[in-house]
Amino acid sequence: MIKHYNVELESPIGVIEIIGTKTVVQSILFLDREKAIEDKNDIPSVLLDCRNQLLEYFNGQRQTFTFPFQYSGTPFQHNVWNSLVRIPFAETASYRDIAIKLQKEKAVRAVGNANGKNKLSIVVPCHRIIGSSGSLTGYAGGLWRKEWLLNHEKKVKETQLV
């Protein structure tokens, strides 16, 4: 049996729990708490690296992530999540855009469903998915977090262009 570990991060938009094994991150999700639980001594380096890279992201110092992570889902969900990772920093796409890229134009709802099952928040940037009309659509972490993340990325990108 594979042992799982977790570490928490206090971010500007709440506590984030990072779960994984000794070699890969498997989940990055928001918790409904204001304070992170202090680290235990036996946290694998991959989880600590993830936490540090997320801190850099929140500090405007990182736009991509390099630690190893692993999806858990169907082949279709993997395809959707791989498409999400390709959405450039501070840009957005719609469920329809993703369905078209996957050559499954009628699978807009299935893309939305897969998007909602993403367990690797921020790193697999489901927050960059908006409605075809340009409106914010559902986000498991809450629409206010989605809005914050999009605004954060926009500000970081603008300051780097100066």
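## Aromatic pairs

The whole structure, a predicted model, holds eight aromatic pairs. Rings of Phe, Tyr and Trp (its six-membered ring) pair if their centres lie within 6.5 Å; planes under 30 degrees apart count as stacked, over 60 as edge-to-face and the rest as tilted. Phenylalanine 65 and phenylalanine 67 are edge-to-face, because their ring centres lie 6.1 Å apart and their planes meet at 65°. Phenylalanine 67 also pairs edge-to-face with phenylalanine 69, at 6.2 Å centre to centre and 65° between the planes.

Ring pairs join Tyr57, Phe58, Phe65, Phe67, Phe69, Tyr71, Trp81, Phe89 and Trp148 into a cluster.

## Buried or partly exposed

Buried means under 20% relative accessible area, exposed over 50%, partly exposed in between (1.4 Å probe, protein chains only). Phenylalanine 65 is buried at 15%. Phenylalanine 67 is buried at 3%. Phenylalanine 69, at 27%, is partly exposed.

## The nonpolar core

A nonpolar core is a set of buried Ala, Val, Leu, Ile, Met, Phe, Trp, Tyr and Cys residues joined through side-chain atoms within 4.5 Å. The largest one has 40 residues; Ile18, Val25, Ile28, Leu54 and Ile122 touch the most other members. Helix α1 gives the most to this core, six residues. Helices here are DSSP runs of H or I, at least four residues, numbered from the N terminus.

Isoleucine 122 has contacts (heavy atoms within 4.5 Å) with Ile16, Phe30, Leu54, Tyr57, Phe58, Phe65, His127, Tyr139 and Leu149, leaving out residues up to four places away in sequence.

## Basis

Local features need pLDDT of at least 70 and side-chain atom pairs pLDDT 80 or more, while totals for chains, interfaces and linings use all residues. Residues are numbered from 1 along each chain as its sequence is written, and side-chain values use heavy atoms, without hydrogens or water.

Technical notes. Helices (H or I, at least four residues) and strands (E, at least two) are DSSP runs, numbered from the N terminus.
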